[in-house]
Amino acid sequence: MAPHSFLSACIIGLVGAWLFYVTPAFADPITVGTILGISTLAASAVTFVVTTAITPSAMITGQWHMGGLGYRRLRLDAITPIGACKRSIGPFLIARTTGNCMGDAVGDMTYLLIDKRLTIRRDDLMTMKLHAGPMAGAVITKRFVEAYDGIVSTAQHSPPARLDFRGPEIEWAYRVRALSPSLIGVLWLMLVTIARPRSHNERLAAERDARP
């Protein structure tokens with residue numbers, strides 16, 4: 001690493017750490033976002049923020065396959081990232097949820113750290129953008145279940161439902177790597193992930209009791 005790159009990384013890390021510790025947990029995200037917008041950290045790290053609609057009212061179930069699996073020749077428990085989001089710089093996206101249909105895994109107004117490089121495994125939380133069908137343009141967050149015959153099968157928790165999408169409907173789909181209740185928190189998690197690439201590898205949407 002070049003000396004100036006190392007120095008820049010140190011400065012960004014120190015600014016991020018300072019903002020993380022001086023910002024109270026109850027801080028208004030809009031206020032925090034304004035502060036970050038004029039900071040070196042924001043200029044260097046925040047590249048793309050999307051709002052992911054996970055409310056049941058956003059669903060058009062007639063276009064999705066729900067229920068039994070039936071016979072399939074090949075069922076995949078993991079898939080590679082789908083598509084390419086060209087609006088981002090680097091491997092990370094940041095999203096903010098709306099709604100509570102993912103139950104205890106992720107709630108309303110939660111910030112998501114999305115990593116474009118990682119394999120999406122069974123029970124991982126995943127965010128995807130649809131570019132075809134009745135929900136074209138929507139960005140949604142669900143739990144990945146499996147893939148089969150060109151179908152990406154997902155689930156939501158509240159109410160429990162199985163939701164299937166055809167591959168051509170999906171513009172991009174990536175794994176959610178970490179969660180935070182605040183923007184400053186998710187930025188800090190991103191810095192931690194950059195410093196320690198093996199961190200935050202949990203299956204965030206895993207359910208221990210029941211699956212749809």
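The points below go through the fold, the cores and some local details of this structure.

1. The model is a predicted one, and the remarks here should be read with that in mind. In terms of secondary structure, the protein contains 4 helices and 11 strands. Of its 212 residues, 44% count as buried, while the accessible surface comes to about 10,900 Å², with carbon and sulfur atoms holding 59% of it. Among the contacts in the protein with a separation of 6 or more, 69% are made by residues 24 or more positions apart.

2. The largest nonpolar core has 16 residues, and those that touch the most other members are Met126, Met128, Leu130, Ile140, Phe144, Phe165 and Ile170. At least two residues of this core come from each of strand E7 (125-130), strand E8 (139-148), strand E10 (160-166) and strand E11 (170-180).

3. Not counting residues up to four places away in sequence, Val176 touches Leu112, Leu113, Ile114, Leu125, Met126, Thr127 and Leu204.

4. How many aromatic pairs does the protein have? The count comes to 1 aromatic pair, formed by Trp172 and Tyr174, whose ring centres are 5.2 Å apart and whose planes meet at 15 degrees, so the pair is stacked. Planes under 30 degrees apart are what counts as stacked in this assignment. Both partners are shielded from solvent by the accessibility criterion, since Trp172 is buried at 2% relative accessibility and Tyr174 is buried with a relative accessible area of 1%.

5. Thr127 lies in strand E7 and is buried, at 0% relative accessibility. The side chains of Thr127 and Thr141 are joined by a polar contact of 2.9 Å, and the C-alpha atoms of Thr127 and Thr141 are 4.3 Å apart in space although 14 residues separate them in sequence.

6. A further threonine, Thr154, is found in strand E9 (residues 151-157) and is buried, with a relative accessible area of 0%. Leaving aside neighbours within four places in sequence, Thr154 is in contact with Met126, Met128, Lys142, Arg143, Val145, Ala161, Arg162, Leu163, Asp164 and Phe165. Of these contacts, Met126, Met128 and Phe165 are named among the members of the largest nonpolar core that touch the most others.

7. Does helix H4 count as mostly covered or mostly uncovered? Helix H4 is mostly covered, with 10 of its 13 residues buried, namely Leu183, Ile184, Gly185, Val186, Leu187, Leu189, Met190, Leu191, Val192 and Thr193. As a check on its geometry, the 13 residues of H4 (residues 183-195) should span 18 Å at 1.5 Å a residue, and the end C-alpha atoms are 19 Å apart, which agrees. At the start of H4, a side-chain oxygen of Ser182 comes to within 3.1 Å of the backbone nitrogen of Gly185.

8. Some backbone features deserve a careful look from anyone preparing the model for calculation. Ser158 and Pro159 are joined by a cis peptide bond, with omega at about -5 degrees, and Pro159 is placed in the loop between E9 and E10. Met109, although not a glycine, has a positive phi of about 60 degrees; Met109 sits in the loop between strand E4 (92-98) and strand E5 (111-115) and counts as partly exposed, at 37% relative accessibility. Asp123, also a residue other than glycine, has a positive phi near 75 degrees. The place of Asp123 is in the loop between strand E6 (120-121) and E7, and at 6% relative accessibility Asp123 counts as buried.

Terms used
Residues numbered from 1 in each chain as written. Predicted model: local features only at pLDDT ≥ 70, side-chain atom pairs only at ≥ 80, totals over all residues. Heavy atoms only, no water. Buried < 20%, exposed > 50% of the residue type's maximum accessible area, 1.4 Å probe, protein only. Contact = heavy atoms within 4.5 Å. Areas by Shrake-Rupley, 256 points an atom, 1.4 Å probe, with all protein chains shown as cover. Phe/Tyr/Trp six-rings, centres within 6.5 Å; stacked < 30°, edge-to-face > 60°. Core = buried A, V, L, I, M, F, W, Y, C linked by side-chain atoms within 4.5 Å. Expected span 1.5 Å × (residues − 1). Polar contact = N/O pair within 3.5 Å; in protein donor to acceptor, adjacent residues only side chain to side chain.
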